[in-house]
Amino acid sequence: MMNRSVFFVVLLFAFFMAGGQTFAAQDSLLVPFGESGGESATGIWWPEPVAKKAAKVSKSRIAKRDENLRAVRERASVVVWFHGGMSSGHCEKGFVAGADFAELYPEKIVVSVSACRENHWLTRGMIDAVDAALDSVAAGRKVPVEHVSLVGISDGTLGVLAYSVEGRRKVDDRLLMSSFGKFLGEPAVLASQKKMQSGRFRFLQGGKDRLYPSDQTVPWITDFCKVVSVDCELRFDPEGEHDWNYWKGRRMDWIRDAIRK
């Protein structure tokens with residue numbers, strides 16, 4: 001019977017970002033669904049300081065590098081990515097989708113849990129899985145994770161809203177792209193929940209979203225923002241489409257503004 005401990009398999013990879021070469025260490029975890037015995041394929045992307053090339057690496061340089069690494073990880077804020085397609089049979093979707101998202105935030109710790117089939121974002125088990133992954137981050141850097149930011153696309157935005165109400169961490173920033181909050185009921189009821197009264201909300205919605213038409217989504221978001229007592233804003237793109245690639249390709253300024261440094 002699996003308990004709440006998390007089993008690590010470490011994979012290392014390198015990628016290039018504008019302005020220099022940055023290395024991200026990726027942890028691959030199997031996180032339990034609460035008490036159900038299921039497991040979620042989860043990725044954690046850690047920020048690391050930019051390393052300068054040296055002809056010879058001394059012991060003192062290695063010690064300094066390790067010290068810098070610990071400091072960077074201890075200070076880094078944490079972002080949780082909620083992928084779309086939460087009921088699909090692709091049970092490693094979060095791990096794959098998280099890699100693309102993590103490239104946008106090399107200075108942060110990015111956590112991406114996989115929802116799958118009946119274990120979707122609105123189940124208690126998946127909320128527990130997110131918190132178990134955050135427990136793992138806290139254990140790995142030896143500093144508690146008390147605040148997080150949440151980002152979701154499509155029905156991943158339901159995970160953002162569900163975690164905001166049911167999760168154990170306080171939420172700072174929320175970014176919801178191509179959302180359909182009507183699935184969760186009346187906006188005023190959800191917006192009045194106590195745990196919604198902190199942090200910020202940023203909604204990105206498109207006029208050419210064929211899955212979640214704007215004539216249905218925009219009124220719900222507008223009413224939600226009127227009721228919730230925190231900073232809440234809808235950014236509407238008349239040409240906006242449903243998928244992540246559109247927002248990443250056309251509205252990176254909106255995405256970066258939604259998640260503060």
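Cys225 and Cys232 are both buried, where buried denotes a relative accessible area under 20%, exposed one over 50%, and partly exposed the range in between, with a 1.4 Å probe and protein chains only. The structure is a predicted model, in which local features need a pLDDT of at least 70, side-chain atom pairs count only at pLDDT 80 or more, and totals for chains, interfaces and linings use all residues. Residues are numbered from 1 along each chain as its sequence is written, and side-chain values use heavy atoms, with hydrogens and water left out.

Cys225 and Cys232 are joined by a disulfide with an S to S distance of 2.0 Å, the criterion being a pair of cysteine sulfur atoms within 2.5 Å. The link between Cys225 and Cys232 is left-handed, with -55° about the S-S bond. A search of the whole structure returns two disulfides. Cys91 and Cys116 form a disulfide as well, with their sulfur atoms 1.8 Å apart. This pair connects distant parts of the chain, 25 residues apart, since Cys91 lies in the loop between E4 and H2 and Cys116 in the loop between strand E5 (109-113) and H3; helices (H or I, at least four residues) and strands (E, at least two) are DSSP runs numbered from the N terminus. Cys91 is partly exposed, with a relative accessible area of 29%, whereas Cys116, at 7% relative accessibility, counts as buried. With bonded cysteines counted along the chain, the disulfides follow the pattern 1-2, 3-4.

The largest nonpolar core comprises 46 residues, and those with the most contacts inside it are Val111, Leu134, Tyr163, Phe201 and Phe224; such a core is a set of buried Ala, Val, Leu, Ile, Met, Phe, Trp, Tyr and Cys residues joined through side-chain atoms within 4.5 Å. Helix H3 (residues 124-141) gives the most to this core, with nine residues. A second, separate core of 21 residues includes Val79, Phe101, Leu104 and Trp247. Phe201 is in contact (heavy atoms within 4.5 Å) with residues including Leu161, Arg174, Phe224 and Cys232, its neighbours within four places in sequence being left aside. The charged end of Arg174 sits over the ring of Phe201, 4.1 Å from its centre; for this assignment, NZ of Lys or CZ of Arg must be within 6 Å of the ring centre and within 35 degrees of the ring normal. The charged end of Arg251 likewise sits over the ring of Trp254, at 4.1 Å from the ring centre. Helix H4 (residues 156-166) is mostly covered, with nine of its 11 residues buried, among them Leu158, Leu161 and Tyr163.

Aromatic pairs number 15 in a search of the whole structure, rings of Phe, Tyr and Trp (its six-membered ring) being paired if their centres lie within 6.5 Å and classed as stacked with planes under 30 degrees apart, edge-to-face over 60 and tilted for the rest. The pair of Trp81 and Phe101 is stacked, at 4.6 Å centre to centre and with 20° between the planes. Because Trp81 lies in strand E4 (residues 78-82) and Phe101 in helix H2 (residues 93-102), this pair ties together parts that are 20 residues apart in sequence. Both Trp81 and Phe101 are buried, and together with Tyr105 and Trp244 they form one aromatic cluster.

His242 is located in the loop between strand E9 (231-237) and helix H7 (244-250) and, at 17% relative accessibility, counts as buried. The side chains of His242 and Ser154 are joined by a polar contact of 2.8 Å, that is, a pair of N or O atoms within 3.5 Å of which, within protein, one must be able to donate a hydrogen and the other to accept it, residues adjacent in sequence counting only if both atoms are side-chain atoms. Beyond its neighbours within four places in sequence, His242 is in contact with Ile153, Ser154, Ser178, Asp209, Leu211, Tyr212 and Trp247.

Two backbone positions complete the description. Most residues other than glycine have a negative phi. Arg117, however, has a positive phi near 50°; Arg117 is found in the loop between E5 and H3 and, at 46% relative accessibility, counts as partly exposed. Lys142, also not a glycine, has a positive phi of about 65°. Lys142 is placed in the loop between H3 and strand E6 (147-153) and counts as exposed, at 72% relative accessibility.
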